[in-house]
There are 2 protein chains.
Amino acid sequence: MPKTSLNPQNLESVATRFRILGVPLRLQILNELASGERTVTALVEATGSTQPNVSKHLTTLLAHRLVKREKRGNSAYYSVADPAVFDLCEIVCGNIERSLEEERRAFGG
Amino acid sequence: MPKTSLNPQNLESVATRFRILGVPLRLQILNELASGERTVTALVEATGSTQPNVSKHLTTLLAHRLVKREKRGNSAYYSVADPAVFDLCEIVCGNIERSLEEERRAFGG
DNA sequence: TGACTATATGATTATGTGCTCATATAGTCG
DNA sequence: CGACTATATGAGCACATAATCATATAGTCA
């Protein structure tokens, strides 16, 4: 039944999810949010990007339900919607590790 | 220590991995390869795409070590390099499920 | 060798999107 | 209200890349 995971309807949705995560700045934002909720300004400082850019990526992440938004006072507080995204990053990192390992073996590192 | 997973050096690598998986046809190919090795022709038939297109995506997947290639006779047999990619898809599907669930709750489905 | 099948690749086009700039919206405080 | 801070958004540019077509490469078999 994992076979149903990638049926045609899901295919586009899954691909989209992956594409959302395929932008370094967005990963950086999520990584920052891993420590807790953050305001846009805080994320701008943490990432070194511009305010409009961070804001737009947050809008994208919000639209795809990867983050939550809560407005308090003058600020917007963003937080991770589903911590499972970090599992994804863990797997990918492990994957990359194994790739590099294989590379080392291949070239007799 | 999961914090180190997304250090600046890794950030680009991780993002790239995600981007590779962010193309429906590539997911379709990987999904097909989940059942075992396949030739390019078999993948062309299975996906309904064109030969050059499938071939190029396979080249991309190969370059990023997501698949392996073995040439036997006249054909090239591709297979999944690291089955962990399917864990990724599982997580993403679960993620999407929860999103939809939340949506249903929000709209009183 | 020539005919055939299988796969890869170069050139081109089309499209999506990340980034920047300027500006708009919204909330707080005096 | 006006001044300020925080956030969002529209327009435009720049770039990456997925898809297509034509063609090249490579292997098999007669």
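A residue is near a molecule or strand if one of its heavy atoms lies within 4 Å of it. This is a predicted model, in which local features need pLDDT of at least 70, side-chain atom pairs count only at pLDDT 80 or more, and totals for chains, interfaces and linings use all residues. Residues are numbered from 1 along each chain as its sequence is written, chains are lettered from A and ligands numbered from 1 in the order in which they are written, and side-chain values use heavy atoms, with hydrogens and water left out.

**View 1. Residues around DNA strand D.** DNA strand D is surrounded by 24 residues, and the closest are A:Thr41, A:Arg69, A:Tyr78, B:Lys56 and B:His57. By class, the surface near DNA strand D has 7 nonpolar, 12 polar and 5 charged residues. Here Ala, Val, Leu, Ile, Met, Phe, Trp, Tyr, Cys and Pro count as nonpolar, Asp, Glu, Lys and Arg as charged, and the others, Gly among them, as polar.

View 2. Helices (H or I, at least four residues) and strands (E, at least two) are DSSP runs, numbered from the N terminus. At least two residues of the surface near DNA strand D come from each of α3 (40–47), α4 (51–63) and β3 (75–80) of chain A and α2 (24–33) and α4 (51–63) of chain B. With 5 residues, α4(A) gives the most to this surface. A polar contact is a pair of N or O atoms within 3.5 Å; within protein, one must be able to donate a hydrogen and the other to accept it, and residues adjacent in sequence count only if both atoms are side-chain atoms. An N or O atom in the side chain of A:Thr41 is 2.3 Å from a phosphate oxygen of DNA strand D. For B:Asn53, a side-chain N or O atom is 3.1 Å from a phosphate oxygen of DNA strand D. A:Ala76 has a polar backbone atom 3.1 Å from a phosphate oxygen of DNA strand D.

**View 3. The surroundings of DNA strand C.** There are 25 residues around DNA strand C, of which A:Lys56, A:His57, B:Thr41, B:Arg69 and B:Tyr78 come nearest. A phosphate oxygen of DNA strand C lies 2.4 Å from an N or O atom in the side chain of B:Thr41. A base oxygen of DNA strand C is 2.9 Å from an N or O atom in the side chain of B:Asn74. Two or more residues of the surface near DNA strand C come from each of α2 (24–33) and α4 of chain A and α3 (40–47), α4 and β3 (75–80) of chain B. Of these, α4(B) gives the most, with 5 residues.

**View 4. A:His57 in helix α4 of chain A.** Buried means under 20% relative accessible area, exposed over 50%, and partly exposed in between (1.4 Å probe, protein chains only). A:His57 counts as buried, because its relative accessibility is 13%. The side chains of A:His57 and A:Arg26 make a polar contact (3.0 Å). Contact means heavy atoms within 4.5 Å. Leaving aside neighbours within four places in sequence, A:His57 is in contact with A:Val23, A:Leu25, A:Arg26 and A:Ile29.

**View 5. B:Thr47 in helix α3 of chain B.** B:Thr47 is buried, with a relative accessible area of 14%. A polar atom of the B:Thr47 side chain lies 3.4 Å from the backbone oxygen of B:Val44. Apart from neighbours within four places in sequence, B:Thr47 is in contact with B:Leu25, B:Gln28, B:Ile29 and B:Val54.

View 6. Chain B can be laid on chain A with an RMSD of 0.0 Å by a turn of 180° and a shift of 0.0 Å along the axis. That is the relation of a two-fold axis. Copies are superposed by least squares on the C-alpha atoms of residues with pLDDT of at least 70 in both. Of the interface residues of chain B, 100% are also interface residues in chain A, so the copies meet through the same surface. Not counting residues up to four places away in sequence, A:Phe18 touches B:Phe18, B:Arg19, B:Leu21, B:Gly22, B:Leu27, B:Leu88, B:Cys89 and B:Val92.
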